[in-house]
Every structure is written in C-alpha cells, then in structure tokens.
Amino acid sequence: QFYDPQKGAFVEVSILDVMQIFGRAGRPQFDTRGEGIIITSHDMLGRYLSLMTHQAPIESSFHLNLADNLNAELVLGTVTNV
C-alpha cells in the first residue's frame with residue numbers, strides 16, 4: 001500500500017506497478033538475475049500470488065500517439081532520421 005493524497009487514504013499498489021518495479025530488479029548491465037520481494041498482509045497474499053502467476057498480456061497504446069511521440073523524439077534529437 002501507499003498513501004494517495006488525492007484520496008486521503010492508503011491504496012493498494014496496482015499489479016502493473018508491481019510488475020514494473022520487479023522488471024527493474026537487479027542491474028541488467030552487471031547481474032544475470034534480479035529479485036523482488038512483496039511484503040503484504042496475509043489477506044492480500046492470494047491477490048498478489050494470483051496476479052503474479054497468472055499473467056495476462058499487456059497491451060500497448062503507444063501507437064495511438066505515435067506521431068506526437070516521434071515528433072518529441074525528433075525535437076530532442078534522439079531520432080535524427082526516419
């Protein structure tokens with residue numbers, strides 16, 4: 001959980017955030033593996049186990065704003081030709 005000031009309460013971390021954090025575990029340039037630890041209450045354990053072991057494909061919506069993203073990269077100089 002983390003405190004959400006907009007809601008004025010503690011809320012559960014979304015499974016996408018958990019997967020993002022775990023995806024960054026370790027140091028890819030130095031380590032061949034990473035490790036993530038979930039500390040949660042017993043009543044929430046089933047939720048995290050289920051979500052982490054029954055992964056659904058993540059769909060991207062990047063293509064919906066491709067022109068804007070490409071223009072931003074051109075302005076930054078990250079992309080110099082297409």
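Rings of Phe, Tyr and Trp (its six-membered ring) are paired if their centres lie within 6.5 Å; planes under 30 degrees apart are stacked, those over 60 are edge-to-face and the rest are tilted.

## Aromatic pair

In this predicted model, local features require pLDDT of at least 70 and side-chain atom pairs count only at pLDDT 80 or more, while totals for chains, interfaces and linings use all residues. Residues are numbered from 1 along each chain as its sequence is written, and side-chain values use heavy atoms, with hydrogens and water left out.

The ring centres of Tyr-3 and Phe-10 are 5.5 Å apart and their planes lie at 70 degrees, so the pair is edge-to-face. Relative accessible area is classed as buried under 20%, exposed over 50% and partly exposed in between (1.4 Å probe, protein chains only). Tyr-3 is partly exposed, at 45% relative accessibility, and Phe-10 is exposed, at 56%.

## Nonpolar core

A nonpolar core is a set of buried Ala, Val, Leu, Ile, Met, Phe, Trp, Tyr and Cys residues joined through side-chain atoms within 4.5 Å. The largest one consists of five residues: Val-13, Ile-15, Val-18, Met-44 and Tyr-48. Helix H1 (15-23) and helix H2 (42-53) are the elements that give two or more residues to this core. Helices (H or I, at least four residues) and strands (E, at least two) are DSSP runs, numbered from the N terminus.

Contacts are heavy atoms within 4.5 Å. Leaving out residues up to four places away in sequence, Tyr-48 touches Glu-12, Val-13, Val-18, Ile-38 and Thr-40.

## Loop between H1 and H2

Thr-40 belongs to the loop between H1 and H2 and is partly exposed, at 30% relative accessibility. Beyond its neighbours within four places in sequence, Thr-40 contacts Leu-45 and Tyr-48. Thr-40 and Leu-74 are separated by 34 residues in sequence and by 43 Å in space, C-alpha to C-alpha.

Gly-36 is also placed in the loop between H1 and H2; its relative accessibility of 38% makes it partly exposed. From Gly-36 to Val-79 there are 43 residues in sequence and 34 Å in space, C-alpha to C-alpha.

## Surface patch

Leu-70, Leu-74 and Val-82 form a nonpolar surface patch with about 280 Å² of accessible area together. Patches comprise residues with over 30% relative accessible area and no salt bridge, with like charges joined within 9 Å and nonpolar side chains (Val, Leu, Ile, Met, Phe, Trp, Tyr) within 5 Å. A salt bridge is a side-chain nitrogen of Lys or Arg within 4 Å of a carboxyl oxygen of Asp or Glu. Accessible areas come from the Shrake-Rupley method with a 1.4 Å probe, and for residues only the protein chains shown count as cover.

Val-82 lies in the segment after helix H3 (66-76) and is exposed, with a relative accessible area of 86%.
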